[in-house]
Amino acid sequence: MSGRRDQHEPEQRGRTEPTLGNLDQLDAPPRQATPRDDLPSMKAEPRGARAAAQPRRKRRGWLAPVLLLLAVGAIGAMWYGRSYLSNSLLPRTELNDVLGRAQQALAAGHLDGQDGTSARELFQAAVALEPDNDIAHDGLHQVGTAELSQADAALQAGQFDVAAQKAAVARELLGGGSDVDHLDQMIAAKRASQVQVSTLVDQAQQAFAAGQYGGDRGAGALYRQMLAADPGNAVARHGLDQVGDALAAQAQKAIDANDGAGADAAIEQLAALQPNNAALPGLRAARAQAGQQDGAALAADLQQGDDALRNGRIAGAGDDTALAHYKAALALDPDNAQAQAGLGKVAQALTVQASAAMDAGDAAQAGKLLDDAAALAPKSADIAAARAHLQGMQQQPAAAKAPANDGQDVAAAAAPAPTPQQSAQIARLLQQAQAATQRGDIMMPPGNCAYDLYRSALAIDGNSAAAQQGLQALPGTVQQLFNRALASGDLVRAGRMLDNLADLSPGDASQGALRQRLAGAWLDQADRQLAGGDRTGAMQALQQARKLAPNLPRVLDLATRLQSGN
């Protein structure tokens, strides 16, 4: 049904019947119905006729550029597709090979190098092939961590240059970090300690060559300082063994020579230096056996010296005097306090005899006795006062021979009166001596201590009562200073005061008790140091106590604990 109607047919509103039309013109092109648009009609010519009538028009000019752009786009698309396939879809043979060899080098510990086969070089090559490859970046981080671990191992082995080099590589690969910073600080500290250890090696070797094994600057102490700075130092350990062998030989030599004090000192130093030295048990046993023999001989000499002193056999020819027996005791034990006190008693007895000779007008005999006494106790206050008195006697020997007038003694008659200038000088010296006493400068410094200032005053006026009283009062003052120092815990000052007292008043029986008090204070300090882990300090404090009271039970107990390591 065509839907068209005959133009001659009157317009109807009714039904249109279907019609087949003219079947004879099926092959003819269909005619188009002329629309009714109320416009003027135009004559349309056939396409073929118009084309024949007009010449062919040229192609449009934009077609060639469009085709060129399409060709370029097609080529780009093909290239992108090829790259995508090669990077994402096709197997990455070269990259995988580099990563595989890098992992093998890392597992084998071949971290860095210059020949292109190290883990670092291979992982960096992988990054160059594919900058965003996570496996390659993670591998470089693993290499940095491994370099850091090897740097720490080199540091512990004392290879500071190797440690520094590997730490630098780790810093580059890891980008720094607290672990790398801490390792650099440790390397710097170890290098500084190495310089110190090198200096200590030279000092220790020099001390060993000079035979200085003990003491703060001895070879043993220096080698111990080296081990404290570098516990694994083989040079220090070998040097310490050499010092131990030398001390053991020194102790044995002293035992063979009956030098008990020398043997004890060497054994103590060896025990402090190497408590587990294999030679110590045998040395102690030999020293104990020799000590028993020496102890019996020492006790006999001390007893015989006391008996001779009571019987008036003070000094002189023969070996049965107090002086001879006390000297024999000191030969066995040079630090024996009882024997030293015995010599002081001999000096006191000789001073008493000298005073009696001066009273009898026998200046020559008095001078000889004072000389003998001064040889035993050169700094005795009593001897100094007696010698000053004798000097006053000898200034006018003629007057000394004249009879005394009005009950005056010979010495007073013989002594000239000091001039005003001398009296002023004596007054100044006495004032300076009192100030020195208050400072505690009893025997030192020379020339400016209380002892020397009082003697200078007596040299001007040997009969100066103030100077004699000040000089003879020094022992009592020193004892007071000792008590104050001990109460305040200043054991070094207390020991110095005790030494001053031994010089000023040799043979004073009260000094034995003072020595034991000071020894107890040193032992208290040693106990505190041992409890705090300071074995070296405890050993030094023990040595101080042993010098003061070697037979004190606490001394023996502490020595046993130190030697056993408890």
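The structure is a predicted model, in which local features need pLDDT of at least 70 and side-chain atom pairs count only at pLDDT 80 or more, while totals for chains, interfaces and linings use all residues. Residues are numbered from 1 along each chain as its sequence is written, and side-chain values use heavy atoms, with hydrogens and water left out.

The chain contains 25 helices and 0 strands; helices (H or I, at least four residues) and strands (E, at least two) are DSSP runs, numbered from the N terminus. Of its 566 residues, 34% are buried, where buried means under 20% relative accessible area, exposed over 50%, and partly exposed in between (1.4 Å probe, protein chains only). Among contacts (heavy atoms within 4.5 Å) between residues at least 6 apart in sequence, 51% join residues at least 24 apart.

In soluble globular proteins, nonpolar side chains tend to be buried together. A nonpolar core is here a set of buried Ala, Val, Leu, Ile, Met, Phe, Trp, Tyr and Cys residues joined through side-chain atoms within 4.5 Å. The largest such core comprises 52 residues, and Tyr451, Leu471, Phe482, Leu504, Leu518 and Leu542 have the most contacts inside it. Helix α23 provides the largest share of this core, 8 residues. A second, separate core has 29 residues, including Leu302, Ala354, Ala366 and Ala374. Apart from neighbours within four places in sequence, leucine 542 is in contact with Leu523, Ala526, Val555, Leu558, Ala559 and Leu562. Helix α23 spans residues 511-531 and also holds glutamine 516, which counts as partly exposed because its relative accessibility is 48%. The C-alpha atoms of glutamine 516 and arginine 546 lie 10.0 Å apart, although 30 residues separate the two along the chain.

Helix α19 (450-460) contributes the buried residues Ala450, Tyr451, Leu453, Tyr454, Ala457 and Leu458. These buried residues pack against α15, α18, α20, α21 and α22 (491-504). The loop between α18 (420-439) and α19 contains proline 445, which is joined to methionine 444 by a cis peptide bond with omega of about 0°. Most residues other than glycine have a negative phi, and most peptide bonds are trans. Beyond its neighbours within four places in sequence, serine 464 is in contact with Ile426 and Leu458. Alanine 473 occupies the loop between α20 (465-472) and α21 (474-487) and, at 39% relative accessibility, counts as partly exposed. Its C-alpha lies 9.8 Å from that of leucine 504, a residue 31 places away in sequence.

Helix α13 (residues 337-359) has 23 residues and reaches 33 Å from its first C-alpha to its last, close to the expected 33 Å; the expected span of a helix is 1.5 Å times one less than its number of residues. Its buried residues are Ala339, Gly342, Leu343, Gly344, Val346, Ala347, Ala349, Leu350, Thr351, Ala354, Ala357 and Met358. Glycine 361, with a positive phi near 80°, follows α13.

The chain has 2 cavities of 30 Å³ or more. On a 1 Å grid over the protein atoms alone, a cavity is a set of points where a 1.4 Å probe fits but cannot get out, and lining residues have an atom within 4 Å of a point. Grid points are joined across faces, edges and corners, and a volume is the space filled by probe spheres set on the points. The largest cavity holds about 50 Å³ of space, and its lining includes Ala347, Gln348, Thr351, Leu504, Ser505 and Pro506. Two or more lining residues come from each of α13 and α15 (381-394), with α13 giving the largest share, 3 residues.

Elsewhere in the chain, helix α4 (residues 119-129) contains alanine 126, which is buried, with a relative accessible area of 0%. Leaving aside neighbours within four places in sequence, alanine 126 is in contact with Leu95, Val98, Leu99 and Ala136. Alanine 126 and leucine 95 are 31 residues apart in sequence, with their C-alpha atoms 6.1 Å apart in space.

Methods:
On a 1 Å grid over the protein atoms alone, a cavity is a set of points where a 1.4 Å probe fits but cannot get out, and a pocket is an open set with protein on both sides within 12 Å along at least five of seven lines; lining residues have an atom within 4 Å of a point.
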